[in-house]
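Here are a few notes to read alongside the model. Have it open and follow along.

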Amino acid sequence: DLCTSPHHYTYNLYKWFPLNQDNYRRYLNANGMVEQLQILQEILRGNIRSFAKGVDWWIEDEIEVRLLQEFQRKWVTHKRTKLLAFDLQFSTNVFLPEFIGLGKAGGRGFGTVRRG
């Protein structure tokens with residue numbers, strides 16, 4: 001069941017495209033790694049909220065997201081455009097089903113969620 005919890009769940013996220021043109025500029029102009037992580041956490045929080053709305057689930061609690069470990073960045077071609085993709089591990093207070101897609105092209109195998 002979809003729910004929020006005081007407990008945090010750990011997930012792995014593969015080939016996630018968080019950065020549109022505006023967010024890419026924000027990410028590049030960030031003042032160091034801490035600010036870049038904050039930007040990514042904010043985007044991931046929004047992606048979780050978008051997924052929830054897409055399945056008609058209205059999350060009333062605050063969504064907590066924390067990126068864990070070092071993450072991998074790689075360039076991936078999608079629709080003849082090179083996009084910056086991330087493989088990372090995160091924790092959140094939202095229980096998410098495995099194999100859902102978060103972010104851009106989530107329905108095409110990108111941004112795949114697996115339990116950590």
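What volume does the largest pocket have? This is a predicted model, where local features need pLDDT of at least 70, side-chain atom pairs count only at pLDDT 80 or more, and totals for chains, interfaces and linings use all residues. Residues are numbered from 1 along each chain as its sequence is written, and side-chain values use heavy atoms, with hydrogens and water left out.

1. The largest pocket comes out at about 150 Å³. A pocket here is an open set of points on a 1 Å grid over the protein atoms alone, where a 1.4 Å probe fits, with protein on both sides within 12 Å along at least five of seven lines. Volume is the space filled by probe spheres set on the points.

2. Look at the lining (residues with an atom within 4 Å of a point): Leu19, Asn20, Gln21, Tyr24, Trp75, Thr81, Lys82, Leu83 and Leu84. Two or more of these come from each of α1 (21-28) and β3 (81-95), and β3 gives the most, with 4 residues.

3. β3 has strand partners (pairing needs at least two DSSP bridges). β1 (residues 3-16) runs antiparallel to β3 with 8 bridges, and Asn12 sits opposite Gln89.

4. β2 (residues 65-78) also pairs antiparallel with β3, over 11 bridges, with His78 opposite Thr81. The two make a hairpin with 2 residues between them, and Lys79 in the turn has a positive phi of about 55 degrees.
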